[in-house]
Each structure stands twice: as structure tokens, then as C-alpha cells.
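Open the model in your viewer and keep the selection tool at hand.

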Amino acid sequence: MPATLTIHYHRDFDGMVSAAILAHFLRARGEDPGWAGLNYDQRADWENFQAGQRFAIVDFHFHPRAEYWFDHHPTTFLTPELRARYAPSERWHWDEGSPSCPPIILRHAEVHWGEVVPERFREMARWSDIVDAAQFVDVEQALFGDDPALRISRALAAAPAPDWSDSLVRDMVAGTLDELARRPDVERSWQRAARNRDLALRQFPPTVLSTDEGVVLYDASSNKIRRERFAAFFHHASALYAVGVIPTRSGFHVTAGRNPWLASGSEEARDGAHIGTVMEAHGGGGHRSVGGANARSLEDARRIAREVAAHLRAQRIARRP
Ligand SMILES: [Mn+2]
């Protein structure tokens, strides 16, 4: 008997779904895989990751010893040497154009392994795209949606233990999202996460410094403030951008984002500021609609946030007819 293969997965909604789908198809290939969640700290000695073990990786950095590997992150290769060692194969596939990882594995199983995809995995993959690429219909769904996938995803934010997600993967292999969302421990964690969300939404308004020109500038640097990703656009639905200071484990971070529910398809969405480029000027980076930069100090973070907000406001004024 060959040693058991372990599927290491990114510990978020689309990572868990990816692990469940790969486990299902590997069983059809004669494996009896286990699975375990990954976190970013495990990149520290990446070269020696799981030395001597059999493993697969999904929704996380490329590793040349992974027997199976699927990912959609543009930043998946930790070095140019690792990038050079990747080529698509019967067991590896990378598609940075995919909104989430599970659709890559489903296509791969059909094309390379001749598999038929069960409908429940298609449903999980559709929700993975919505959750991972924040394709929510509106801010209400993003914050208060209670579809099974959204309950499971939010419940993760109040996980009772770090390895709790492994038990969620187990039930995704075996059943539907609806069945999993009804599990009493999922319901309890979701209730706790929902209370945290409500607290975060109440704590946001006092952090706002200004809202001129549709740019919300806020300072949530206090570690007493809970963070909720779309709080700015919940309270300021007509704002186009939000720029704020938030604490991290290693200091302070400036985060900037465009309101995903405003101006989609409009001239501003096409031609407006490229936030990643704006943040690059401050040592950070990102995409067109979201970006960030780490600061050397709290004062530095506040200065960067002010400058980014001023830049976005000046650009809006300049574009006004
Ligand atoms: Mn992920």
C-alpha cells in the first residue's frame, strides 16, 4: 500500500470546496486521501514543506513536490525558480483568470480524467466564485446573505478550533451545502460570527474622518474595533472608494477599495483610478479595484491613507465635466 496522500488546502470557502472536490475525484483514482488546512505561516520553510510525505495542494502556493496542484492566485509562485518549474500537466493546473479554484478542478476532472461532475459540486463551485471574487449582488447579500454557502463561509470567521475546517471538508465530500449549513456546530459559529458582524458595523461610523467627493477616509487602527470588509459601503452606499488604516499582526496597513456595487459598467469603473497603481507609489500594490500598503508606523499609515484619499478626490474633481 502506498502512503496516504494528504490534500493541503487554503482555509477559506473556496479552498475547502477545492479539497472536497479533489478528494472525491482522487477516490475514483484509487486513493484514500486525507486533508488538512494551510495558513500563510507555513510558507516560511516552503522548500522543505511536508518533506518525505505524499501531498496535494489546492488554492495555495505552487509546490514542485505536490502530486496534484490547482490554484488561481496570481501570486502563487514564491520565486522565479518555482515559476520555471510549473507547466500544465495531467496533475497540475493554474488559471489566474478563474474567480475561484474549484471550477479549475472540475474542468480538469472532466477533460483529463473523464469524470462526470455531480451537481452538488457545480453548486459549490458557483458559490465559490461569488464568495472568493466578492460577486455578491449587493452589499446586503455580502453582509446578511443566509444562503447555505454564505452561512458556512461566515461561520469560518468564528471557527471553534483551527482544524474545524477539516470537518467541514469531510461533509462537503459526502453531502450538500444545505446539509452542512444545518449542522449544529456550523449554526453556532454562524450565530457568533453574525454577532461579530453586527458589532463591527456599529463600530464603523465613529472611525470615519471624512467622506468628500465620494471617498470615505477612516481610521480603524484601534485594536478594539472589529473589522467587517464592506462596512464602509454599508454605511456609505453612494461612496465610490474607501481608504482606511487597519491594524495587522505586524504593524499597520492601509487598505483601499472601490465600491463593487456602484458604477459597474460606468465610465468611472472603466477609466477611474487603478488602485493597485496608486498603492504602488506607497510601497504597496493590488488590483484595479482593491489594493493596500504596509506602513512603518501608525503615523506613516495615517499619512499614506490621507494622501491616497486626497489623490482619489483630486482625480474625481479633475474628471468632472
Ligand atoms: Mn481561497
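Select helix H1 (residues 13-28) and helix H7 (residues 164-174): their axes come within 8 Å and cross at roughly 50°. Axes are lines fitted to C-alpha atoms, for helices over the stretch in contact, and angles run from 0 to 180 degrees between N-to-C directions. Helices (H or I, at least four residues) and strands (E, at least two) are DSSP runs, numbered from the N terminus. H1 is therefore oblique to H7; angles under 35 degrees count as roughly parallel, over 145 as roughly antiparallel, 65 to 115 as roughly perpendicular and the rest as oblique.

Now show side chains. On H1, the contact is made by Met16, Val17, Ala19, Ala20, Ala23 and His24, and on H7 by Ser165, Leu168, Val169, Met172 and Val173. Two residues are in contact if their C-beta atoms, placed from the backbone, lie within 7 Å.

This is a predicted model: local features need pLDDT of at least 70, side-chain atom pairs count only at pLDDT 80 or more, and totals for chains, interfaces and linings use all residues. Residues are numbered from 1 along each chain as its sequence is written.

Next, select His236, in the loop between helix H10 (231-235) and strand S8 (241-248). His236 counts as buried because it has 20 C-beta neighbours inside 10 Å (buried: 20 or more other C-beta atoms within 10 Å; exposed: 12 or fewer; partly exposed: in between). Leaving out residues up to four places away in sequence, His236 touches Thr211 and Val216.

Finally, colour domain 1 (5-187) and domain 2 (206-319), whose bounds come from an automatic or database domain assignment. Their centres, taken over C-alpha atoms, are separated by 29 Å.
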